[in-house]
Amino acid sequence: MDTIEFEDFARVELRVGTVIEVEAFPEARQPAWRLLIDFGPEIGERKSSAQITDLYDRQSLLGRQVVAVINFPPKQIGPFLSECLVTGFHRADGAVVLCAPDGAVPNGSRLA
C-alpha cells in the first residue's frame with residue numbers, strides 16, 4: 001500500500017449531500033442511476049452516475065445523504081456528465097454499499 005502525506009488527503013473534498021433526483025441510466029454500460037445531489041448553498045447541486053442499482057432503488061435513494069468527492073474534474077459517461085463521485089464499499093458479491101453519515105448533518109459538510 002502506498003502512503004500519502006496528510007496534505008494529499010486534505011486536498012480531497014469529501015462532502016455530504018442529499019439525493020434529490022434519481023433517474024434511470026439505460027445508456028450506461030453497467031447498471032447505474034443518474035443522481036442529482038444537493039450539497040447546500042455554498043456548493044449547490046451536482047450530478048453523478050452511480051453503479052449502485054444492486055442494493056438501492058429509486059425510493060431508497062431519494063432524500064438519502066451520501067458522501068461524495070466534489071473536486072474531481074467532471075467526467076463524461078456516455079451522454080451524461082458526472083460532476084462528483086459518490087463513495088461506497090464493494091461487498092464480496094460486487095454490490096456497492098454507500099458511504100453515508102451515521103446521522104443527519106448539514107448538506108455540504110466536509111469529512112473531518
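Is proline 106 buried or exposed? Proline 106 is exposed, because its relative accessible area is 59%, and the cut-off for exposed is over 50%. This is a predicted model.

Start with the whole chain. The protein chain has two helices and nine strands. Along the sequence, the elements follow the pattern α-β-β-β-α-β-β-β-β-β-β. The radius of gyration is 14 Å, close to the 13 Å that the globule rule gives for 112 residues, so the protein chain is as compact as a globular protein of that length. The C-alpha trace spans about 40 × 35 × 30 Å along its principal axes.

Next, the packing and the surface. Of the 112 residues, 35% count as buried. Take the contacts between residues at least 6 apart in sequence: 58% of them join residues at least 24 apart. The accessible surface of the protein chain comes to about 7300 Å². Carbon and sulfur atoms account for 53% of that surface.

Now the annotation. An unreviewed UniProt entry carries the annotation "domain: TRNA-binding" for residues 8-112. That span is 7% helix and 40% strand. Its end C-alpha atoms lie 14 Å apart.

Glutamate 13 counts as buried because its relative accessible area is 18%, and the cut-off for buried is under 20%. What does the side chain of glutamate 13 make a polar contact with? The partner is the side chain of arginine 15, at 2.7 Å. Leaving aside residues up to four places away in sequence, glutamate 13 touches Ala68, Val69, Ile70, Asn71 and Arg110.

Arginine 15 leads back to proline 106. The two residues are 91 residues apart in sequence. In space, their C-alpha atoms are 9.9 Å apart. Proline 106 sits in the segment after strand S9 (96-98). Which residues does proline 106 touch, not counting those up to four places away in sequence? They are Val16 and Gln65.

Glutamate 13 is buried, at 18%, whereas proline 106 is exposed, at 59%. Arginine 15 links the two descriptions: its side chain makes the polar contact with glutamate 13, and its C-alpha atom is 9.9 Å from that of proline 106.

Methods:
Residues are numbered from 1 along each chain as its sequence is written. This is a predicted model: local features need pLDDT of at least 70, side-chain atom pairs count only at pLDDT 80 or more; totals for chains, interfaces and linings use all residues. Side-chain values use heavy atoms; hydrogens and water are left out. UniProt positions are given in the numbering used here, feature names are shortened, and annotations may be inferred rather than shown by experiment. Helices (H or I, at least four residues) and strands (E, at least two) are DSSP runs, numbered from the N terminus. Buried means under 20% relative accessible area, exposed over 50%, partly exposed in between (1.4 Å probe, protein chains only). A polar contact is a pair of N or O atoms within 3.5 Å; within protein, one must be able to donate a hydrogen and the other to accept it, and residues adjacent in sequence count only if both atoms are side-chain atoms. Contact means heavy atoms within 4.5 Å. The radius of gyration is taken over C-alpha atoms; the globule rule is 2.2 Å times the number of residues to the power 0.38. Accessible areas come from the Shrake-Rupley method with a 1.4 Å probe; for residues, only the protein chains shown count as cover.
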